[in-house]
Amino acid sequence: MISARKIHSEVNRRLRESNKTSNKKVTVTQVDSAINESISFWLSEKTKGMEIDPFVRRELRQLEVVEVPLEFAKDSSGIYNVFLPKNYYKFTRVLVSADKETCGYKSDIEASPVKSSDLSRVLNDPYQAPSFEWEEFIFIEQGDHLRVYLGGEDVELKELKLSYIKTIPEVRAPSLVKEDSYISYSGRVINLDVDLELDESQRSWIDIVNLASLSLLRDMGQVNDYQLMVNQIMSTKQNN
């Protein structure tokens with residue numbers, strides 16, 4: 001955990017070091033906005049690469065929640081809807097335990113993700129369709145829940161455990177404002193600091209500071225080759 005005040009201090013220090021020729025100043029709300037846009041971008045880009053890049057996968061462990069049992073309900077079509085946690089961002093593993101009266105009980109079988117656009121084809125393909133006997137279960141993401149297919153209405157879901165990357169709450173630093181509060185761009189009154197929920201011992205938070213600083217400098221007209229600099233910050237070779 002890194003305090004919101006420290007994040008702001010680091011961003012402002014980089015601005016001073018890189019923007020010595022300009023008298024432009026940034027507000028607390030502008031810095032908050034740049035930090036939060038950088039968090040969103042960082043998390044999106046990192047999760048895209050976590051399945052193919054072992055460095056990224058290791059970096060994201062600080063945000064991974066492991067094997068959480070979730071609530072579920074069976075709908076009229078025999079499909080199970082599993083309700084995702086509020087802080088869910090992206091799954092890393094889905095483990096299914098299920099029962100079929102004629103075949104017994106199977107525990108902690110890893111289910112495979114399927115794109116919604118491919119679902120009909122997969123369900124009608126005898127080599128890809130879900131099967132209790134072959135321990136092949138599939139799921140799709142749909143809004144705030146997963147839809148889990150077990151291979152027949154006679155297969156009963158007993159437990160589903162989800163491992164996932166959690167969201168990172170937006171950083172807020174109203175304590176840096178004279179009035180100890182400000183109105184956000186969405187119209188909300190912000191009067192409590194919200195710290196950055198990343199491990200201070202890793203450099204992920206430094207990447208976010210660098211991205212936020214770069215974004216603010218770009219808006220001041222102080223940056224050339226913005227995309228190249230973003231790519232350098234996000235490079236796993238640089239970060240490991």
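Which side chain of opposite charge is nearest to Asp-32, and how far away is it?

The model is predicted. Asp-32 belongs to helix α2, which covers residues 28–49. Asp-32 is buried but has no salt bridge. The nearest side chain of opposite charge is that of Arg-172, 4.7 Å away. A salt bridge requires a side-chain nitrogen of Lys or Arg within 4 Å of a carboxyl oxygen of Asp or Glu.

The side chain of Asp-32 does have a polar atom 3.2 Å from a backbone nitrogen, that of Ala-173. Beyond four places in sequence, Asp-32 is in contact with His-8, Val-171, Arg-172, Ala-173 and Tyr-182.

## Lys-86: an exposed loop residue

Lys-86 sits in the loop between β3 (80–83) and β4 (88–100). Lys-86 counts as exposed because its relative accessibility is 87%, and the cut-off for exposed is over 50%.

Gly-143 lies 57 residues from Lys-86 along the chain. Their C-alpha atoms are separated by 11 Å.

## The β4–β5 hairpin

Together, β4 and β5 form a hairpin, with 3 residues between them. One of the bridges joins Lys-100 to Gly-104 in β5.

Notes. Residues numbered from 1 in each chain as written. Predicted model: local features only at pLDDT ≥ 70, side-chain atom pairs only at ≥ 80, totals over all residues. Heavy atoms only, no water. Helix = DSSP H or I, 4+ residues; strand = E, 2+ residues; numbered from the N terminus. Buried < 20%, exposed > 50% of the residue type's maximum accessible area, 1.4 Å probe, protein only. Lys, Arg positive; Asp, Glu negative; His and termini not counted. Polar contact = N/O pair within 3.5 Å; in protein donor to acceptor, adjacent residues only side chain to side chain. Contact = heavy atoms within 4.5 Å. Pairing = 2+ DSSP bridges.
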